[in-house]
Amino acid sequence: MAELQEWWNNLPPVTKVLFGGSMVFTLGGNFGLVSPGLLMFMPNEIYSRFEIWRLATTFFFHGKLGIGFLMTMMWIIRYGASLERGVFADDTADMLWFILVVCGLSYIPGYFLPLPMLAKVLVMALIYYWSRKNPDQQMSFLFGIKFKAFYFPWVLIAFRVLLGKNPVTEVIGVLIGHIFLFFREYYPLQGGPDLLATPAVLKGMFPGPVIGHAPAGMQAGRQPGLNWGAGHRLG
C-alpha cells in the first residue's frame with residue numbers, strides 16, 4: 001500500500017487527473033453509478049439542455065471494460081507522465097495547454113462525424129506527440145515485434161484494422177497530434193508566428209518548476225511509476 005501511495009504521489013498532476021478521471025468515470029459508467037449516456041459528447045444535449053459537463057466527461061469515459069481499457073490506462077500513465085516530466089519539463093501549464101488544444105480540436109470531428117466518445121482521440125494524440133519527441137526509442141509489440149517509437153501510432157492503427165475494427169478515432173488523434181506539433185514547433189521554425197504558445201494566464205496559474213530542482217519522483221534517477229520492470233513491451 002505504501003508503494004502504491006508513493007506511486008500515486010509521484011505522478012505529475014495533469015497525468016494524474018487524466019488517469020484518475022478515466023478510472024472514476026469509466027468504472028462508474030460500467031457499474032451503474034452513472035449513466036454512460038450522460039458522459040458522452042452529444043452537441044444537441046449540450047446546446048438545448050446546457051449539459052456542459054459532457055465537454056469534459058467525453059474525454060474520461062472509455063467505454064466497456066476489458067484489456068483495451070487496461071492498456072489505455074497504462075499508456076496514459078507511461079506516455080502521459082513521460083510527456084509531462086520530460087518533453088514539457090514538469091511545466092503543468094504547457095502540458096495542460098496541450099490537453100486543452102487537443103480537446104478543443106477534437107470537438108470538430110466529434111460534431112460532424114459524430115463521435116460521442118473522444119477519449120481515444122485524446123490518448124492517441126498524446127501517444128503521437130510522445131512518439132515524435134522520442135522517435136528512436138526501441139519498443140516491442142505482441143510477439144516480440146520490435147520497432148522504433150516513431151512508428152508506434154501506426155502500429156496501433158494497423159493492429160486495430162487487423163482486429164476488424166474501425167480506426168477512425170485513432171487516425172483523428174494522430175491528425176490532431178500532428179496539428180499541435182506543426183503549429184507549436186515546425187511552423188515557428190519556418191518564420192511563422194507561435195500560434196499555439198501557452199497562454200500567459202495558464203503560466204500565471206501554474207508556474208513552472210524551479211530550475212535546478214529535481215521534481216518529486218525524479219531524484220536519484222527515479223521515474224514516476226510502480227516498479228513494473230524496464231523496457232516498453234506492449235503486449
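## A starting point

With a relative accessible area of 14%, Asp 90 is buried, a word used here for residues under 20% relative accessible area, whereas exposed stands for over 50% and partly exposed for the range in between (1.4 Å probe, protein chains only). Asp 90 is found in the loop between α5 and α6, and it has a positive phi of about 60° although it is not a glycine.

The model is predicted, so that local features need pLDDT of at least 70 and side-chain atom pairs count only at pLDDT 80 or more, while totals for chains, interfaces and linings use all residues. Residues are numbered from 1 along each chain as its sequence is written, and side-chain values use heavy atoms, with hydrogens and water left out.

## Overall fold

The protein has ten helices and two strands, where helices (H or I, at least four residues) and strands (E, at least two) are DSSP runs numbered from the N terminus. Read from the N terminus on, the elements run α-α-α-α-α-α-α-β-β-α-α-α. Of the 235 residues of the protein, 43% count as buried. Among the contacts with a separation of 6 or more, 66% come from residues 24 or more positions apart, contact meaning heavy atoms within 4.5 Å.

## The nonpolar core

The largest nonpolar core has 52 residues, and those with the most contacts inside it are Tyr 79, Leu 83, Phe 98, Ile 99 and Phe 152; such a core is a set of buried Ala, Val, Leu, Ile, Met, Phe, Trp, Tyr and Cys residues joined through side-chain atoms within 4.5 Å. Two or more residues of this core are given by each of α2, α5, α6, α7, β1, α8 (152-162) and α9 (168-189), and α7 gives the most, with ten residues.

Leaving aside its neighbours within four places in sequence, Phe 98 is in contact with Leu 83, Phe 88, Ala 125, Leu 126, Tyr 129 and Phe 180.

## Aromatic pairs

A search of the whole structure finds 20 aromatic pairs; rings of Phe, Tyr and Trp (its six-membered ring) pair if their centres lie within 6.5 Å, and planes under 30 degrees apart count as stacked, over 60 as edge-to-face and the rest as tilted. The pair of Phe 88 and Tyr 129 is stacked, because the ring centres lie 5.9 Å apart and the planes stand at 15°. Phe 88 lies in the loop between α5 (67-87) and α6 (92-112) and Tyr 129 in helix α7 (residues 119-133), so this pair ties together parts that are 41 residues apart in sequence. Both Phe 88 and Tyr 129 are buried.

The rings of Phe 98 and Tyr 129 are likewise stacked, because their centres are 5.2 Å apart and their planes are at 25°. This pair links distant parts of the chain, with Phe 98 in helix α6 and Tyr 129 in helix α7, 31 residues apart, and Phe 98 is buried, as is Tyr 129. Elsewhere, ring pairs link Trp 75, Tyr 79, Trp 130, Phe 147 and Phe 152 into a cluster.

Arg 132 lies over the face of Phe 150, at 3.9 Å from the ring centre; a charge sits over a ring if NZ of Lys or CZ of Arg is within 6 Å of the ring centre and within 35 degrees of the ring normal.

## The surroundings of Thr 26

Thr 26 lies in helix α2 (residues 13-30) and is buried, with a relative accessible area of 0%. A polar atom of its side chain lies 3.1 Å from the backbone oxygen of Phe 60, and the side chain of Thr 26 also reaches the backbone nitrogen of His 62 at 3.1 Å. Polar contacts of this kind are pairs of N or O atoms within 3.5 Å; within protein, one atom must be able to donate a hydrogen and the other to accept it, and residues adjacent in sequence count only if both atoms are side-chain atoms. Not counting residues up to four places away in sequence, Thr 26 touches Phe 60, Phe 61, His 62, Gly 63, Leu 65 and Phe 69.

## The hairpin and other backbone details

Strand β1 (residues 138-141) and strand β2 (residues 145-148) pair in the antiparallel sense over four bridges, two strands being paired if DSSP finds at least two bridges between them. Ser 140 has Lys 146 in β2 as its bridge partner. The hairpin of β1 and β2 has three residues between the strands, and Leu 142 there takes a positive phi near 50°.

A cis peptide bond, with omega about -15°, joins Leu 113 and Pro 114, and Pro 114 is found in the loop between α6 and α7. Phe 50, in the loop between α3 (43-49) and α4 (54-57), has a positive phi of about 60° although it is not a glycine. Phe 50 is exposed, with a relative accessible area of 60%, whereas Asp 90 is buried.
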